[in-house]
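Hi,

Here is the structure I promised to pass on.

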Amino acid sequence: MAKPRKIRCAVIGLGMGRHHAQNYASCPESELYALCDVDQKRLKPFAEQMGVKKTYTNVEDLAADKKVDAVSVALPNFLHAPISIMMLEAGKHVMCEKPMAMTVEEAQAMEKAARKSGRKFMMHFNTRFSPASFFIKSLVQKGLLGEVYHARTIWHRRQGIPGAGSWFTLKEKSGGGPLIDLGVHRIDLALWLMGHPKPVAVSGATFAKFGPKLAGTAGKSFTVEDFASGYVRFENGATLSLETSWASFCERREDMSTMIFGDKGGAEHCNLGEGYDMGVKLIQNVDGQQKVEVFKTMPPPNENAQSHFVHCIQKNRAPMASAKHGVFVQKILNGLYESAETGREVRM
Ligand SMILES: NC(=O)c1ccc[n+]([C@@H]2O[C@H](COP(=O)([O-])OP(=O)(O)OC[C@H]3O[C@@H](n4cnc5c(N)ncnc54)[C@H](O)[C@@H]3O)[C@@H](O)[C@H]2O)c1
């Protein structure tokens with residue numbers, strides 16, 4: 001049988017998008033075919049570095065290029081929904097960066113556009129694509145934790161406010177601060193490990209203790225939170241608590257953890273040092289004694305997010321981070337912001 005042709009991929013937005021591009025270029029089943037960015041200073045040198053001939057400075061021209069099979073949308077958050085929908089309507093398969101959108105309505109419109117187009121849509125929930133994430137998922141799947149009834153997830157940064165006055169710190173462009181930027185990854189991971197129970201109620205609080213002062217001294221605006229906390233109730237009775245910050249008096253530079261509590265055991269997905277070196281702890285009771293195992297090296301996954309997306313297109317499979325998963329996370333994010341604003345629990 002003839003080998004299927006390579007999937008021709010394009011990337012829009014060349015900040016985080018460079019990572020997507022590198023993964024498409026190194027996947028044997030895809031070709032990094034085109035790049036798009038309004039900023040020529042980013043576009044030209046990166047296209048040269050990657051040996052990509054097709055470059056675009058506007059998304060309409062890219063959408064009209066019939067040779068493009070699939071695109072990664074790695075743009076500022078307020079552009080995720082309109083440009084993902086434009087690409088789906090132009091017949092492209094779409095991988096969208098996190099967060100899915102700014103509002104639940106936008107996320108649902110994206111889910112609808114994906115369904116209508118018959119194309120693949122995948123969320124770039126790349127936290128799932130790591131040795132530690134696949135390993136902790138396998139512990140849950142093997143039943144080592146028993147019935148999972150609660151998760152606690154955090155991502156704190158001691159000092160990590162992204163460019164004050166950039167789109168990241170403006171609510172109308174980002175949708176929010178660390179909750180939508182970092183919390184989104186941890187919420188997705190917790191939902192995935194818990195088997196995606198349906199969220200029914202959320203309660204949240206947000207704070208901005210450092211960002212406004214920092215931005216103010218530079219004459220810039222800061223209209224998002226720099227710390228958020230929240231609590232989520234699910235239809236099956238399970239619960240999730242979370243905390244996230246871009247700046248806080250936490251001990252470590254990065255503090256990441258997702259702890260899953262089951263009736264037979266507990267497991268934690270966490271960074272083992274100050275950075276992104278993720279490990280897993282398994283806490284069990286063996287013959288009446290507490291047993292804690294720490295796993296530092298785990299088998300690497302067979303695919304990264306981009307090669308998984310490409311294989312799903314080629315083999316007509318459903319991507320493991322679906323539009324529906326994106327909508328669940330969006331409901332939690334926007335519900336938490338609404339709750340923080342109103343001071344009340346938000347029911348869905
Ligand atoms: N998954 C992750 O681990 C991860 C990490 C970082 C960022 N992100 C996400 O990636 C997205 C982009 O973040 P970033 O850090 O790369 O931001 P960035 O500002 O560094 O890059 C965005 C790029 O988009 C370009 N751009 C803006 N408007 C455009 C348009 N209309 N058409 C074409 N290009 C346009 C800009 O010129 C810029 O180069 C965000 O949604 C962010 O949340 C994800």
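This is a predicted model: local features need pLDDT of at least 70, side-chain atom pairs count only at pLDDT 80 or more; totals for chains, interfaces and linings use all residues.

E303 and R317 meet through their side chains in a salt bridge, 3.7 Å from N to O; by that term I mean a side-chain nitrogen of Lys or Arg within 4 Å of a carboxyl oxygen of Asp or Glu. E303 sits in the loop between strand 14 (289-295) and helix 10 (305-315), and R317 in the loop between helix 10 and helix 11, so the pair ties together parts that are 14 residues apart in sequence. Helices (H or I, at least four residues) and strands (E, at least two) are DSSP runs, numbered from the N terminus. E303 is partly exposed at 21% relative accessible area, and R317 is partly exposed too, at 34%. The cut-offs there: buried is under 20% relative accessible area, exposed is over 50%, and partly exposed is in between (1.4 Å probe, protein chains only).

Residues are numbered from 1 along each chain as its sequence is written, and side-chain values use heavy atoms, with hydrogens and water left out.

Back to the charges: the count comes to ten salt bridges. One of them pairs R233 with E345, with the closest N and O atoms 3.4 Å apart. That one links distant parts of the chain, 112 residues apart: R233 is in strand 9 (residues 227-234), and E345 is in the loop between helix 11 (323-342) and strand 15 (346-347). R233 counts as partly exposed at 38% relative accessibility, and E345 is partly exposed at 37%. R347 joins in as well, in a network of salt bridges with R233 and E345. Then there is E293 with K291, whose closest N and O atoms are 3.6 Å apart; E293 is partly exposed at 26%, as is K291 at 36%.

On to the aromatics. There are eight aromatic pairs, counting rings of Phe, Tyr and Trp (its six-membered ring) with centres within 6.5 Å; planes under 30 degrees apart are stacked, over 60 edge-to-face, and the rest tilted. W155 and Y276 make an edge-to-face pair, 6.1 Å centre to centre with 80° between the planes. It spans 121 residues, from W155 in strand 7 (residues 148-157) to Y276 in the loop between strand 12 (265-271) and strand 13 (278-286). W155 is buried, at 6% relative accessibility. W167 and F168, by contrast, are stacked, at 3.9 Å centre to centre and 25° between the planes. W167 is partly exposed at 23% and F168 is partly exposed at 25%. F129, F134 and W192 form one aromatic cluster.

Last, some helix packing. Helix 4 (residues 80-89) and helix 5 (residues 104-117) pack at about 10°, with their axes 9 Å apart. That makes the two roughly parallel: angles under 35 degrees get that label, over 145 roughly antiparallel, 65 to 115 roughly perpendicular, and the rest oblique. Axes are lines fitted to C-alpha atoms, for helices over the stretch in contact, and angles run from 0 to 180 degrees between N-to-C directions. H80, A81, S84, I85 and L88 from helix 4 meet E106, A109, M110, A113, A114 and S117 from helix 5, where contact means heavy atoms within 4.5 Å.

Cheers
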